[in-house]
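Trainee: Can we go through how the strands and helices of this model are arranged? I'd like to take it piece by piece.

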Amino acid sequence: MDTGQGAGLLVLAGAPLGNVADASERLRTALTDADLVAAEDTRRVRRLAGELGVTLPRVVSYFEGNETRRTPELLAELTAGAHVTLITDAGMPSVSDPGYRLVRAAIEADVPVTAVPGPSAVTTALAVSGLPSDRFCFEGFPPRKPAERRSRFAELAAERRTLVFFESPHRVAATLSDLATAFGADRPGALCRELTKTYEQVRRGGLGDLSAGVAEDPPRGEITLVVAGAPAAEPVSRDAADLAALVAERQAAGASRRDAVDAVAAELGLPRREVYAAALGTR
């Protein structure tokens, strides 16, 4: 990319998810030709460089804990004419990884930004899940707090596109349980772990079965969840008894009445107050 004499350049470099053979020749060039490499984990990028047989220039850390402080420092390097390569632990920077702040700062300072495309856990999991991929949305990590997570899932229950989430091993059991409650135990899903690595595994099935499987055999490593979108809505019954039964079904699966009402209202496209009144039996 021609940036003009003396102009800096920010390069967003996609790193292999696990299999170093996925690294491109352009990634090697982006690492060796940079004046400065900003890495989410300096130890990992040095290990990657060793596996690729390349020599790194100056390396600084750029992760969630220092992103706010480090961004102005990197911007100063860029505006002074430096070529800076930003690389995260795996996948593309800015996709649930550090990078967005620096990209915005560079754009606002008229510093050119380009990318060396690489693997992404989002699209890799989507491709191997076997679920519809013509339309999808990426939701990142679900909220950590149970109440906030359940509320978010209730909002997403009627989403027609395939959904992709990241999750940590120690929260995935609770997340799958909440997904099964909000979306229904039969909603198809896939749990993808350690993609491209030695112990890659994809578990497919209904959310209820996936939840039970995780409770019995907890997964380890990096996890990406793919969930089918809501099916086309059938003719909506506005009968209070039917609405109350749908709310009761979700409550029996572990949802609070509030979350159950939100999920049913979202799924059927009905006003929340109407579903709530039916659940209370006051309609």
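Trainee: What is the strand order of the open sheet?

Mentor: It's a predicted model, so local features need pLDDT of at least 70 and side-chain atom pairs pLDDT 80 or more, while totals for chains, interfaces and linings use all residues. Residues count from 1 along each chain as its sequence is written, and side-chain values use heavy atoms, with hydrogens and water left out. Strands are DSSP runs of E with at least two residues, helices are H or I runs of at least four, both numbered from the N terminus, and two strands pair if DSSP finds at least two bridges between them. The 5 strands pair in parallel, in the order β3-β2-β4-β1-β5.

Trainee: Which strands stand at the edges?

Mentor: Look for strands with a single partner, since one side of each is then left without a neighbour in the sheet. Those are β3 (58-61) and β5 (113-116).

Trainee: Which residue is the bridge partner of A39 in β4?

Mentor: Strand β2 (residues 36-39) runs parallel to β4 (residues 83-87), and 4 bridges join them. For A39, the partner in β4 is I87.

Trainee: At what angle do α9 and α10 pack?

Mentor: Axes are lines fitted to C-alpha atoms, for helices over the stretch in contact, and angles between N-to-C directions run from 0 to 180 degrees. Here α9 (residues 240-252) and α10 (residues 257-268) have axes 9 Å apart. The pair counts as oblique, the class left after under 35 degrees (roughly parallel), over 145 (roughly antiparallel) and 65 to 115 (roughly perpendicular). The angle is about 125°.
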